[in-house]
Amino acid sequence: MKANVSTSHPPPESAIDRNAPEYPPAEGEAESHYFETNPKPEYLDEVEGRVREFIKLHDGKRRIALVTSGGTTVPLENNTVRFIDNFSAGTRGATSTELLLEQGYAVIFLHRQFSLLPYSRHYSHTTNCFLDYMVERDGQVTIDDKYQEEMMKVLKQYQNVQKHKLMLLVPFTTVNQYMWTLRMISLQLGQLSAPQTTLFYLAAAVSDFFIPTYRVSEHKIQSEGGGEKLMVNLDPVPKFLKRLVENWTPGAMIVSFKLETDSSILLSKSRKALERYNHQLVIGNLLQTRKHEVTFVTNDSVQKYTLSEEDEKSGKEIEAIIIPQVIRIHNEWISSNSKK
């Protein structure tokens, strides 16, 4: 049984005007206010210990990348039944992580819980149920012969990563969990002996708006009454990228993504992001073409990268083009920021 119908791509003509003014980057006061008024996740101290141990293991031995992946939720109730979600299955983050690991990076994978994970992504969230890869022989479950070579390759890569403890999985669900965890990991990475060797690959789809904790309903919002409307008052999520660049992990190379639906504003939005947050690279992509075309925007250049039809038919993914170029720019960043 195969599900070949995609329901996740809205028609381009339905896109709204995105030329609204953007909120300014968060400064120190906004950071203090946010983290004082929105409580820390109860599990964060435990996660921080794991992050500290992972960084200690790899500091000075290899480059470390923080990859963020998947979308954040905005709960409408503390005992959450309803929430606002951001569109993202985590494909780009999971795929890019595999490629970074292949190139010798250790990766902290900050991901939406239950979104795609590196390696297991090949056999989950796909049009083929994982059971399609299996057959029954003499009362035993085995892998179908036609998938043996493919699965053995993925298995060996995964086992090598596990053996050398090259990847740390850190989950989030809500935008508040994401913000707290991102700051914690960034501050830990900021203590590296050579911060320029750190790479931030911020591919998560982070909510632009949220409900502050003190305004969130305690219990499920009731729907009785018939004609009443649900009015939700959302605040803008603080733009902490500038704080990350300047205060949390100064010296690291920061890659952010800009997703739009209107090609006419993609380049201008990407350039504005570079100016506002003073980081190194924005990768612009359109919702409709993100799987085969991206645009790299730096302070010095604009470069478009596209998968050919032949590449797509052969199963090549756009991340196989993105990651080598990101590493090239990271090499240049390290060279220009290393102590003479």
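Two strands pair if DSSP finds at least two bridges between them. Keep that in mind for the first element. And one caution: this is a predicted model.

Start with strand β1, residues 64-69. β1 and β4 pair in the parallel sense, over six bridges. In that pairing, L66 stands opposite I108 in β4. β1 also runs parallel to β8, and five bridges join those two. There, A65 has L199 of β8 as its bridge partner.

Is β1 enclosed or open? Six of its six residues are buried, so the strand is largely enclosed by the rest of the structure.

What packs here? Helix α2, residues 44-58. Length check, at 1.5 Å a residue: its 15 residues should span 21 Å, and the end C-alpha atoms are 21 Å apart, so the two agree. The buried residues of α2 are L44, V47, V51, F54, I55 and H58. Look down the axis of α2: these residues fall within an arc of 95°, so they line one face of the helix. Just after the helix, G60 takes a positive phi of about 85°.

Next, helix α9, residues 319-337. Same check, at 1.5 Å a residue: 19 residues should span 27 Å, the end C-alpha atoms are 26 Å apart, and that agrees. Which residues of α9 are buried? E319, I321, I322, I323, V326, I327, I329, H330 and I334. Their cover includes one helix, α3 (91-102). It also includes strands β8 (198-202), β11 (253-260), β12 (281-286), β13 (293-297) and β14 (302-306).

Now the aromatics. A pair of aromatic rings is described by the distance of the centres and the angle of the planes. Here the count comes to 12 aromatic pairs. Take Y119 and Y158. Their ring centres are 6.0 Å apart and the planes stand at 65°; over 60 counts as edge-to-face, so that is what this pair is. Where are the two residues? Y119 lies in the loop between β4 (106-112) and β5 (134-137), and Y158 in helix α4 (residues 148-163), so the pair ties together parts that are 39 residues apart in sequence. Y119 has 4% relative accessibility and counts as buried. Y158, at 35%, counts as partly exposed.

A second pair: F172 and Y178. This one is also edge-to-face, at 5.1 Å centre to centre with 70° between the planes. F172 is buried, with a relative accessible area of 1%. Y178 is buried too, at 3%.

Last, a cluster. Y34, F35, W180, F210, F240 and W248 form one aromatic cluster. Which charge sits over the ring of F35? The charged end of R183, 3.8 Å from the ring centre. R183 also lies over the face of W180, at 5.2 Å from the ring centre. Both rings belong to that cluster.

Terms used:
Residues numbered from 1 in each chain as written. Predicted model: local features only at pLDDT ≥ 70, side-chain atom pairs only at ≥ 80, totals over all residues. Heavy atoms only, no water. Helix = DSSP H or I, 4+ residues; strand = E, 2+ residues; numbered from the N terminus. Expected span 1.5 Å × (residues − 1). Buried < 20%, exposed > 50% of the residue type's maximum accessible area, 1.4 Å probe, protein only. Contact = heavy atoms within 4.5 Å. Phe/Tyr/Trp six-rings, centres within 6.5 Å; stacked < 30°, edge-to-face > 60°. Lys NZ or Arg CZ within 6 Å of the ring centre and 35° of its normal. Arc of directions from axis to C-beta.
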